[in-house]
Amino acid sequence: MMIKNIKILLLATLLSVGCSDLEEEPVGILAPESFFKNLDDLQAAVNGSYAYMASEKYWGRKLTLSLLLRGDMADIGDLGTSARRQDVNNFEMADDNGMITELWPQSYAIIGAANQAIDGADRIDVNAEKKNAVVAQAYFSRAFAYYHLVRLFGDIPYIDFAVSDASTVEDISKTPAAEVYENIITDLQFAKEWLPDTQPTRSQPTKATATAYLASVYLTLGDYQKAYDEAKFVIDNKAKFNLKLEQDFQNLFVPDNAAALQEPLFTIDFIGQSRDGDLGQDYLAPLTGIRADETGRAENGGWTVAVPTLNVYEDWSGRDYRKKVSLDTVAIFNGEEHDFTEFANFSDRGVNRPHIAKYYRFPGTSGSNGRESSHNFITMRYAEVLLIAAEALNEINGGATEAIGYINELRARARNRGGEMANFPEDVAAGISQDDLKDLIIRERRLELAFEFKRWYDIKRLKLGQEAFGPNGLEPHSNFDPNRDYLFPLPGDELSRNPNLQPNNPGY
């Protein structure tokens, strides 16, 4: 519940939640005027917003699973899984769906923590440049949370101040999506100006992080020139930002590599977070893993909840190394290896389909219940910046050689099959038409970023739903309604408490 959550935030967001990378220690609960004394206090408050991201209610499961199931790259596997997950997948959501009733307040927890940090910065008498470099992280966190909210829900309540009295927001109205986007852009521009070029860890945003997200926002809005300009800024300054494509695609999803990776622009760290209250850990990988699998990658195997359709597997060339990295086609049962066509023989909740391998194949260090991970989960990486630049430039100058070059960079990396060079995928040849290059770029996004929670947003912004979920799509759903299903329903309990949030989104 948003209002209840805001009341909790009056105290909880002043906690610094310990993070292994950021090396912060928890502090006591204090009032804002007595808590914010120096830059360490400000960083502690910012860390609270990161901690709310690393929660089962957000990046751990509710947000990421919703995005995965809503797209056309993963369907329900185990038909015994909870109805709330199946309803998200099958376009049958109601406004009391348990995925959104937890995702919604957790999003505002991130925002509330960021707002407390922004407000607290005004209480600190230190060098303005140093202070802005820290508070810019809070501006980024706020923009990050709102960017997901506005794409999922459309018009939403926009809160950009630290709440000291819950009555000030209990009758808040919705802010039009266009205005929310303007505020996101403003926050990201501040972050771009003040964030440093590099950080000690990729779980803290940098100037390049803010810029890449600006490029993504502009692409979503169809402002292709600005999307290209922001993406090109990152590309032109990649050395300064310590960014590059990893040589081997698989290395991106091996947790032991996390600290040395140069491709991520922002990651969410789970293993160091507190397990208290709302900050408990629970992450997605077991939900995508293979039922009864004995490889030891998750306790008692995976749960076969979000599983690609056979169409996804068959449409993807077996010559593409990224397919091998992204999909598990074999598992161990009774001590022996079996092909995916036999998975259901070993569990009555299994399905004979390849499963998602990213983040599951190499789980790294995990807790006793298999629900923690030493992965730093990547929310944005340099490859996506190249894809944004290519798509935006092609809209400006159809078939541009520069745009083709960005796609060929990704394809060249994909030809490195664990150190052995292959001849697939081939470079895109010059002379391709604007429409053909656009189709190719969107497909490249689908393959390069498969199962990284981007596909639903592409379907939404490009209005591909009827194609993606039609009879010839990767995941047919006869009840997809373009007049309803590009938005999630606002939580019904919020609308009941606050009539100013009425009406719900069309069709709900």
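**A buried aspartate and two helices**

Asp72 lies in the loop between α4 (62–70) and β1 (75–76). The model is predicted. Asp72 has a relative accessible area of 2%. The residue is therefore buried, since the cut-off for that class is under 20%. The side chain of Asp72 makes a polar contact with the side chain of Arg455, at 2.8 Å. Arg455 is also among the residues that Asp72 touches, once those up to four places away in sequence are left out.

Helix α3 spans residues 39–53 and has 15 residues. From first C-alpha to last, α3 reaches 22 Å, close to the 21 Å expected at 1.5 Å a residue. This helix is mostly covered, with 13 of its 15 residues buried. At the start of α3, Asn38 contributes a side-chain oxygen. That oxygen comes to within 3.1 Å of the backbone nitrogen of Asp40.

The packing of α9 and α14 was examined next. Two packed helices are described by the angle between their axes and the distance between the axes. Helix α9 covers residues 207–221, and helix α14 covers residues 382–396. The two pack at an angle of about 35°, and their axes are 10 Å apart. The crossing of α9 past α14 is left-handed. On the α9 side, the contact involves Ala212, Ala215, Ser216 and Leu219. These meet Val385, Ile388, Glu391 and Ala392 in α14. By class, this contact has six nonpolar residues, one polar and one charged.

Definitions and conventions: Residues are numbered from 1 along each chain as its sequence is written. This is a predicted model: local features need pLDDT of at least 70, side-chain atom pairs count only at pLDDT 80 or more; totals for chains, interfaces and linings use all residues. Side-chain values use heavy atoms; hydrogens and water are left out. Axes are lines fitted to C-alpha atoms, for helices over the stretch in contact, and angles run from 0 to 180 degrees between N-to-C directions. Helices (H or I, at least four residues) and strands (E, at least two) are DSSP runs, numbered from the N terminus. A crossing is left-handed if the near helix is turned anticlockwise from the far one by less than a right angle, and right-handed if clockwise. Contact means heavy atoms within 4.5 Å. Ala, Val, Leu, Ile, Met, Phe, Trp, Tyr, Cys and Pro count as nonpolar, Asp, Glu, Lys and Arg as charged, and the others, Gly among them, as polar. Buried means under 20% relative accessible area, exposed over 50%, partly exposed in between (1.4 Å probe, protein chains only). A polar contact is a pair of N or O atoms within 3.5 Å; within protein, one must be able to donate a hydrogen and the other to accept it, and residues adjacent in sequence count only if both atoms are side-chain atoms. The expected span of a helix is 1.5 Å times one less than its number of residues.
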